[in-house]
Amino acid sequence: MDPMEQMANGPSGPLPKDFNPEEAGNSEDMEKQFAVKVVQHMSTYWSILERVKGSSLRLTKLDDEIYTHLMLTFPDFDPAATINEDEMKSKAGKEKWRPFMMAYEKRVDDYNFGTMVRNHPGKEYDQDTTIFVPRMQFYAIEIARNKKGLNDWIFEKAEKERQAK
């Protein structure tokens with residue numbers, strides 16, 4: 001059973017039908033499980049990029065559609081540029097991203113599950129270079145970066161390290 005499902009079901013069974021998440025307190029155990037999932041996703045993705053060039057990687061069955069939709073919705077999006085987190089998370093940014101993400105609600109698993117994205121394709125994951133985003137934003141940004149070959153350096157760096165051993 002998925003850890004998040006276990007937490008939702010808890011020791012006393014599933015959540016009551018009248019459960020209101022807006023009024024619920026935070027469960028420290030649930031927050032820890034959530035953080036674990038986010039870190040696992042982040043490290044799994046990095047490990048994949050170390051083994052496969054991003055330019056040859058497909059993250060979803062819908063990569064081409066997601067990329068086209070991203071570029072139509074955000075024509076000024078530059079996958080090589082540093083992401084402005086404040087702009088992306090501003091009221092205007094949220095109003096633009098929300099319909100984009102909702103288009104995948106029934107088509108991409110965990111489309112709104114939180115994950116980390118690097119603010120620049122030339123940086124590694126680090127405290128100062130990561131932004132917490134819904135998974136659909138991660139997919140859109142990383143698919144664009146991969147299509148442009150901007151993550152290939154990760155494979156090339158890992159390949160040099162493998163050859164040096």
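Asp-110 lies in the loop between helix 5 and strand 1. The model described here is predicted. It contains 7 helices and 2 strands, and the order of elements along the sequence is α-α-α-α-α-β-β-α-α. Of the 165 residues in the protein, 33% are buried. Among contacts with a separation of 6 or more, 69% join residues 24 or more positions apart.

- Asp-110 is not a glycine, yet its phi is positive, at about 55°.
- Most residues other than glycine have a negative phi.
- Asp-110 has a relative accessible area of 46%, so it is classed as partly exposed.
- Phe-113 belongs to this loop too, which runs between helix 5 (91-102) and strand 1 (114-118).
- Phe-113 counts as buried because its relative accessibility is 17%, and the cut-off for buried is under 20%.
- The C-alpha atoms of Phe-113 and Val-38 are 8.8 Å apart, although 75 residues separate the two in sequence.

**Arg-118 in strand 1**

- Arg-118 is part of strand 1.
- With a relative accessibility of 0%, Arg-118 counts as buried.
- A polar atom of the Arg-118 side chain is 2.9 Å from the backbone oxygen of Lys-123.
- The Arg-118 side chain also has a polar contact, at 3.3 Å, with the side chain of Glu-142.
- Glu-142 is itself one of the buried residues of helix 6.

**Helix 6**

- Helix 6 covers residues 135-147, and its 13 residues should span 18 Å at 1.5 Å a residue; the end C-alpha atoms are 18 Å apart, so the two values agree.
- Helix 6 is largely enclosed by the rest of the structure, because 12 of its 13 residues are buried.
- The buried residues of helix 6 include Arg-135, Glu-142 and Arg-145, as well as Phe-138, Tyr-139, Ile-141 and Asn-146.
- After helix 6 comes Gly-149, which has a positive phi near 75°.

**Packing of helix 6 against helix 5**

- Two packed helices are described by the angle between their axes and the distance between the axes.
- For helix 5 and helix 6 the packing angle is about 90°, and the axes are 10 Å apart.
- Helix 5 is therefore roughly perpendicular to helix 6, a class that takes in angles of 65 to 115 degrees.
- Helix 5 contributes Trp-97, Phe-100 and Met-101 to the contact, and helix 6 contributes Met-136, Gln-137 and Ala-140.
- Sorted by class, this contact of helix 5 with helix 6 has 5 nonpolar residues, 1 polar residue and no charged residues.

**Packing of helix 6 against helix 3**

- Helix 3 (residues 63-73) packs with helix 6 at an angle of about 95°, and their axes are 9 Å apart.
- Helix 3 and helix 6 are therefore also roughly perpendicular to each other.
- On the helix 3 side the contact involves Asp-63, Asp-64, Ile-66, Tyr-67 and Leu-70; on the helix 6 side it involves Met-136, Ala-140, Ile-143, Ala-144 and Lys-147.
- The contact of helix 3 with helix 6 has 7 nonpolar, no polar and 3 charged residues.

Key: Residues are numbered from 1 along each chain as its sequence is written. This is a predicted model: local features need pLDDT of at least 70, side-chain atom pairs count only at pLDDT 80 or more; totals for chains, interfaces and linings use all residues. Side-chain values use heavy atoms; hydrogens and water are left out. Helices (H or I, at least four residues) and strands (E, at least two) are DSSP runs, numbered from the N terminus. Buried means under 20% relative accessible area, exposed over 50%, partly exposed in between (1.4 Å probe, protein chains only). The expected span of a helix is 1.5 Å times one less than its number of residues. Axes are lines fitted to C-alpha atoms, for helices over the stretch in contact, and angles run from 0 to 180 degrees between N-to-C directions. Angles under 35 degrees count as roughly parallel, over 145 as roughly antiparallel, 65 to 115 as roughly perpendicular and the rest as oblique. Contact means heavy atoms within 4.5 Å. Ala, Val, Leu, Ile, Met, Phe, Trp, Tyr, Cys and Pro count as nonpolar, Asp, Glu, Lys and Arg as charged, and the others, Gly among them, as polar. A polar contact is a pair of N or O atoms within 3.5 Å; within protein, one must be able to donate a hydrogen and the other to accept it, and residues adjacent in sequence count only if both atoms are side-chain atoms.
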